Amino acid sequence: MSTILGLSPDGALWAALGLLGVCLVLALAAVALWRRASAQSAAALKGQADAVPSAFPAGDVATGLISRQDFERALDKAVARCDAQRSAVCLLFIDVDDFSDVNDALGHEAGDEVLHEVAVRLHAATPAKRSATRVAGDEFLVLLTVGETVAQAQAQHILEALSRPLVARQGREFRLSASIGIAAYPAHGARAGLVSKAHAAMRTVKQTGGGAWASFNPQMAVDQRAQAALLADLRVAAQSRQFELFYQPKVDARTLQVTAAEALLRWHHPQKGVISPNVFIPLAERNGLIGDIGNWVIEEACRQAGTWRAAGFRMRVAINLSAYQMRQDDLVQRIESALASNRLRPERFTVEITESLALENTRTTQRTFEAMRRAGLHVAIDDFGAGQTSLAYLRQLPASELKMDMSLVNDLATSADARAIAQAVIKLAHALDLRVVAEGVETEQQRDLLVRMGCDELQGFLFAKPMSAAALGLWAMDDEFSHRPEFSSSLFQDTRPAP
Ligand code: C2E
Ligand code: MG
Ligand code: MG
């Protein structure tokens, strides 16, 4: 994947870091540089600002790029020339990664400044002038009268130009990343479909984490159609409640007592059967459906937790939260009220937030974390070790649990490096007074290594796969399992209050 998308490990790292890199040390000097560069770029672009952009009558004065109409006309001309001379034309569709975070963190005015700088860098990084336009928000199109290979090198050049440090008004330094899709004429088809093909290629990059470029291939168009069909079905599913929560237990590493059950969403598609959340949750997030689905998960998990409490099961119930939910002002209030109506204590309810999401240190997520702390919710950092972690920031989070990513657990038996990292993660977590849960434990060898390293809890197919709420009840009561010595005293370990 990385070579197809032109994504180096370093690139991936920066893509993951995205807009999160904050450096205050060089702020003053950098602000001065930024001001000077902006003034120079504004002067350089002055001639172009005369072209009145139609899509952004006022706003696009900020970018100074040509209007969409002018761009389309330039594209028509380039295609006609290309037909006459048998040359080539390429379109780049560029979308800034996680741009909403800039607006979130710094406000819209600073967001506009950042967009202006993106335009300036695009302009500087492309050979032909008057060849770029803004499509909408943080999306840009660049026209290149070159073949595909040169366009790919050009896309890489643009990525590098955008990733140079950029200092916004409060002195915060960013490194932008972007996703670039490339469509070539005539190689990828007629003029009419070029923009949507470049867009499809850009979407593929986005889905694999951004910070890279990809050329269009016909499979992407198929994917787009399949995604559109699935999205239509998902809209129906959200209304006709085709969802179910499965539950996967976490067990204490030493006693094997069940400590918690993690709710994992399943979609029972009427024709396609059960669809994984890895497939439909990103789709729901991109298309504004995750709010309703997430709210249903909260209600349903609390209802089930209440039922289990009443039946005497003493374990936490955990849910997973999406990026969108973390940005909802009323998220914690909603959880608190669902807990209250089922007479549940917040410290017995876990919210799992992925490491990358936890590191999205914006004002909105800070507010949500603060509300979680005040509410006394039990917070777990999910998929820890899969991304890039700021240890200093981790200390500030109101978390009590750290879930070690499956990828680390997978390699335990075969890789000394994986063992060293796992051991370091466990030590780090304990130093921060966090309990460590290892996810994806599939073999006894992995279990034994993790227990020896001091891991607190385990979760994985070795113990149980995710199952329906009813099946979990039966599994927990299973005679053979519960007659094992370690289960004789109490089936479920009582939950510790969150610190
Ligand atoms: P996650 O929260 O990290 O959940 C762990 C995933 O690993 C689950 O996949 C689980 O079925 C799988 N798993 C557990 N043990 C093993 C094992 O031993 N081996 C292997 N190979 N896999 C194991 P699932 O259920 O497909 O969920 C995938 C992801 O979807 C979850 O990752 C979570 O991030 C997300 N997700 C699930 N339900 C929800 C939800 O209600 N809301 C949100 N926002 N995200 C959800
Ligand atoms: Mg989880
Ligand atoms: Mg996980």
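1. Helix α5 spans residues 108-125, 18 residues in total. From first C-alpha to last it reaches 25 Å, close to the 26 Å expected at 1.5 Å a residue. (The expected span is 1.5 Å times one less than the number of residues; helices are DSSP runs of H or I with at least four residues, strands runs of E with at least two, both numbered from the N terminus.) Of the 18 residues of α5, 13 are buried, so the helix is largely enclosed by the rest of the structure. Buried means under 20% relative accessible area, exposed over 50%, and partly exposed in between, with a 1.4 Å probe and protein chains only.

2. A word on the source. This is a predicted model, where local features need pLDDT of at least 70, side-chain atom pairs count only at pLDDT 80 or more, and totals for chains, interfaces and linings use all residues. Residues are numbered from 1 along each chain as its sequence is written, chains are lettered from A and ligands numbered from 1 in the order written, and side-chain values use heavy atoms, without hydrogens and water.

3. Next, the metal site. The magnesium ion (ligand 3) is coordinated by D382 (OD), D383 (OD), E439 (OE) and E439 (OE), at 2.0 to 2.3 Å. Donors are N, O and S atoms within 2.8 Å of the metal (3.2 Å for Na, K and Ca); water is not among the atoms, so sites may look incomplete. The donor residues follow the spacing D-D-x55-E in sequence.

4. D382 also bridges the magnesium ion (ligand 3) and the magnesium ion (ligand 2), which lie 4.0 Å apart. D382 counts as buried because its relative accessibility is 5%. D383 has 26%, so it counts as partly exposed.

5. The largest nonpolar core holds 85 residues. (Such a core is a set of buried Ala, Val, Leu, Ile, Met, Phe, Trp, Tyr and Cys residues joined through side-chain atoms within 4.5 Å.) Y247, F349, I353 and M372 have the most contacts inside this core. Helix α10 (residues 290-310) gives the most to it, with 9 residues. Another core lies apart from it, with 35 residues, including C90 and L144.

6. Beyond four places in sequence, M372 is in contact (heavy atoms within 4.5 Å) with L321, M326, L331, V332, V351, I353, L377 and V379.

7. Q446 sits in helix α18 (residues 444-453). Its relative accessible area is 5%, so Q446 is buried. Not counting residues up to four places away in sequence, Q446 touches V409, N410, L412, G440 and V441.

8. R134 belongs to strand β2 (residues 132-136). R134 counts as buried, at 7% relative accessibility. R134 and G64 are 70 residues apart in sequence, yet 9.4 Å apart in space, C-alpha to C-alpha.
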